[in-house]
Amino acid sequence: MDNWQDIADDRLVRPIHPGEVIADILDDLDINTANFAEMLGVSNQTIQEIIDGQRAITADIAIRLGKALGNGPRLWLNLQQKVDVWDALQSHKEEYEQVITLV
């Protein structure tokens, strides 16, 4: 289970939230959040909350983003997973150290 420790030890700051990447892409494409939300078939609030880092990327949103941006869902899920794992390690590091490695 040393791999999880590498994530915490090697990274001093939280990984970039996928919403920041989306914000940059929308900036580059000169598309506002309302138009992008409409393209994805979700509410503007959903997109805004993702961009603000207040909402996680779900499998559904990842599929929609991957289709709209042509890069597939895996990228978006991986970005979210890195944030989720880092956050969990920060919040529960001492508890995880108490878990016994069986194999």
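This is a predicted model: local features need pLDDT of at least 70, side-chain atom pairs count only at pLDDT 80 or more; totals for chains, interfaces and linings use all residues.
User: What makes the pair D87 and R14 a salt bridge?

Analyst: The N to O distance between the side chains of D87 and R14 is 2.7 Å, and a salt bridge requires a side-chain nitrogen of Lys or Arg within 4 Å of a carboxyl oxygen of Asp or Glu, so the pair qualifies.

User: Why is E49 called buried, while R55 is called partly exposed?

Analyst: E49 has 18% relative accessibility, and because buried means under 20%, E49 counts as buried. R55, with a relative accessible area of 35%, falls between 20% and 50%, so R55 is partly exposed. These two residues form a salt bridge, with their closest N and O atoms 2.8 Å apart.

User: How do you know that D60 and R64 form a salt bridge, and where do they lie?

Analyst: Their side chains meet at 3.0 Å, N to O, which is within the 4 Å limit, so the pair counts as a salt bridge. Both residues lie in helix α5, four residues apart, about one turn of the helix.

User: How many salt bridges does a search of the whole structure find?

Analyst: The search finds three.

Technical notes
Residues are numbered from 1 along each chain as its sequence is written. Side-chain values use heavy atoms; hydrogens and water are left out. Buried means under 20% relative accessible area, exposed over 50%, partly exposed in between (1.4 Å probe, protein chains only). Helices (H or I, at least four residues) and strands (E, at least two) are DSSP runs, numbered from the N terminus.
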